[in-house]
Amino acid sequence: MSARPTSKPRARRQISEARPYHHGDLRRVLIDAALQLASEGAEVSVREAARRAAVSPGAPFRHFPNRDALMAAAAGEAQRRFRTEIEAALAEAPAADPLLRFRAFGLAYLRWAMRNPAHFEIISTGRYFAHGSSAELTRDNAELIALTEQMLADAAAQGLLRSADLKGIQIAGRALVYGFARMNLDGHFPRWGVEEGEIERMAEAVIDLFIAGIAKR
């Protein structure tokens, strides 16, 4: 009688297909991917953001149905970072001196814009999406405008301003910081004799000239 063959343990099946990569917060990862693409000067799309996030091309559409939705979210994140910079600068400025607070606001705006040029472009131009379509950005910009209005109103109440035209001062200040930031973004400063390492110092000097021009002597 022949021996009964012993059964060998069945080999564990090898799973050939890769498991899908799982992100705990895919929405956040896609927003960061869009900001990174913009920082690199690359074309931003939902599919390219998905590729950067290492997920399937269809996965992002649960969060962002189109490019505009993705860019609105990316702009919201860029704006949040901008607000953080502004708030940190104002926290260090003297609470009782509205002109110094106005200066701190402008300088923080310029420093952030110069250090984050792609993020600045996302929140300040219509290149990536229609800003008016984002209720969040519209509300946040209105809050920042109101903040500068209040600082100037406080300065006027303390008799610190030469002119009573607060709207004119506000628009002039906005034009100054926005124009300076655009000059930096578009690479204009070298032709004006301002080298890369001098731009932030020049920004501070320009802000101080503006403050000196509106302050009552």
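Guide: From the N terminus on, the elements run α-α-α-α-α-α-α-α. Helices here are DSSP runs of H or I of at least four residues, strands are E runs of at least two, and both are numbered from the N terminus.

Visitor: How many helices and how many strands is that?
Guide: Eight helices and zero strands.

Visitor: What am I looking at, and how do you count things?
Guide: This is a predicted model, where local features need pLDDT of at least 70, side-chain atom pairs count only at pLDDT 80 or more, and totals for chains, interfaces and linings use all residues. Residues are numbered from 1 along each chain as its sequence is written, and side-chain values use heavy atoms, with hydrogens and water left out.

Visitor: What share of the protein chain counts as buried?
Guide: 39% of the 217 residues. Buried means under 20% relative accessible area, exposed means over 50%, and partly exposed is in between, with a 1.4 Å probe and protein chains only.

Visitor: Let's do helix pairs. At what angle do α1 and α2 pack?
Guide: About 110°, with the axes 9 Å apart. α1 covers residues 26–39 and α2 covers residues 46–53. Axes are lines fitted to C-alpha atoms, for helices over the stretch in contact, and angles run from 0 to 180 degrees between N-to-C directions.

Visitor: Who makes the contact?
Guide: V29, L30, A33, Q36 and L37 from α1, and E48, A49, A50, R52 and A53 from α2. By class, the α1 with α2 contact has seven nonpolar, one polar and two charged residues. Nonpolar covers Ala, Val, Leu, Ile, Met, Phe, Trp, Tyr, Cys and Pro; charged covers Asp, Glu, Lys and Arg; the others, Gly among them, are polar.

Visitor: Is A50 buried or exposed?
Guide: A50, in α2, is buried, with a relative accessible area of 0%. Not counting residues up to four places away in sequence, A50 touches L30, V55, S56, P57 and P60. The C-alpha atoms of A50 and F61 are 9.5 Å apart, and the two are eleven residues apart along the chain.

Visitor: What is the phi of A54?
Guide: Near 60°, a positive value in a residue other than glycine. Most residues other than glycine have a negative phi. A54 sits in the loop between α2 and α3 and counts as partly exposed at 48% relative accessibility.

Visitor: Switching to α4 and α6. How do they pack?
Guide: α4 (residues 98–115) and α6 (residues 135–157) pack at about 150°, axes 8 Å apart. They are therefore roughly antiparallel.

Visitor: Which hand is the α4 and α6 crossing?
Guide: Left-handed. A crossing is left-handed if the near helix is turned anticlockwise from the far one by less than a right angle, and right-handed if clockwise.

Visitor: And α7 with α8?
Guide: The axes of α7 (residues 166–185) and α8 (residues 199–214) come within 11 Å and cross at roughly 165°. That makes the pair roughly antiparallel. α7 passes α8 in a right-handed crossing. The contact includes I169, L176 and F180 of α7 and M202, V206 and F210 of α8. Its residues divide into twelve nonpolar, two polar and no charged.

Visitor: Last one. What does H119 touch?
Guide: L35, S39, A78, R81 and W112, not counting residues up to four places away in sequence. H119 is in α5 (residues 117–124) and counts as buried at 7% relative accessibility.

Note on methods. Angles under 35 degrees count as roughly parallel, over 145 as roughly antiparallel, 65 to 115 as roughly perpendicular and the rest as oblique. Contact means heavy atoms within 4.5 Å.
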